[in-house]
Amino acid sequence: RRWAPDANEEPLSLAIKREALAQLDNPCARNDLSGWQMPFPSRLPSGSANPICAMGECGDVECPAYRPKRPEVREAIENLVVETCVKYLVDPPAALNTYVSVGCGLLAQDWVILEKLRRAAGGL
C-alpha cells in the first residue's frame, strides 16, 4: 500500500531523516510484503514510522539484478553510477541538473543511488 504525502502533516524531523538514511548502511530485513517492495521495516528503531518503507524495486525472481538473490549486481550498478558522476562532475561548471530514473519505477533504486551521490558529493 502506498500513501501520498499529506500537506497537513509536520515535516520529518532531522532525527527521523538521519535514522531513515542509516538504512543505506544496513542490509535489508525480510518482510511479508510483495516482491515489488524493498524490505525496509515499517518502523524505524526509534519506533517512528519509516518514511521510505513503501519504496520498491523489481521483484522478478528471474531478473539478473534481483536484490535478494544477487545484491552484488545492484551494488555494482550503484557504485558505477557514483564513481562516474564523481569523475565527471568535479570541475566547474559541473552540476547534476537532470536525473533519469534507473529503477523499475517504484523509487527504491533511485533513492539509494541519489543518497549515495549525495554522500559522495560531500567528500568533494
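Leu114 lies in helix H3 (residues 108-122); helices are DSSP runs of H or I with at least four residues, numbered from the N terminus. This is a predicted model: local features need pLDDT of at least 70, side-chain atom pairs count only at pLDDT 80 or more, and totals for chains, interfaces and linings use all residues. Residues are numbered from 1 along each chain as its sequence is written, and side-chain values use heavy atoms, leaving out hydrogens and water.

Me: Is Leu114 buried, partly exposed or exposed?
Reply: Buried means under 20% relative accessible area, exposed over 50%, partly exposed in between (1.4 Å probe, protein chains only). Leu114 has 36% relative accessibility, so Leu114 counts as partly exposed.

Me: What distance should helix H2 span, at 1.5 Å a residue?
Reply: H2 covers residues 71-88, which is 18 residues. The expected span is 1.5 Å times one less than the number of residues.

Me: Within what arc do the buried residues of H2 fall, seen down its axis?
Reply: Arg74, Glu78, Val82 and Cys85 are the buried residues of H2. They line one face of the helix, because their arc (from directions of the helix axis to the C-beta atoms) is within 65°.

Me: Which residues of H2 are exposed on the other side?
Reply: The buried residues include Arg74 and Val82. Opposite them, the exposed ones are Leu80, Glu83, Lys87 and Tyr88.

Note on methods
Helix = DSSP H or I, 4+ residues; strand = E, 2+ residues; numbered from the N terminus.
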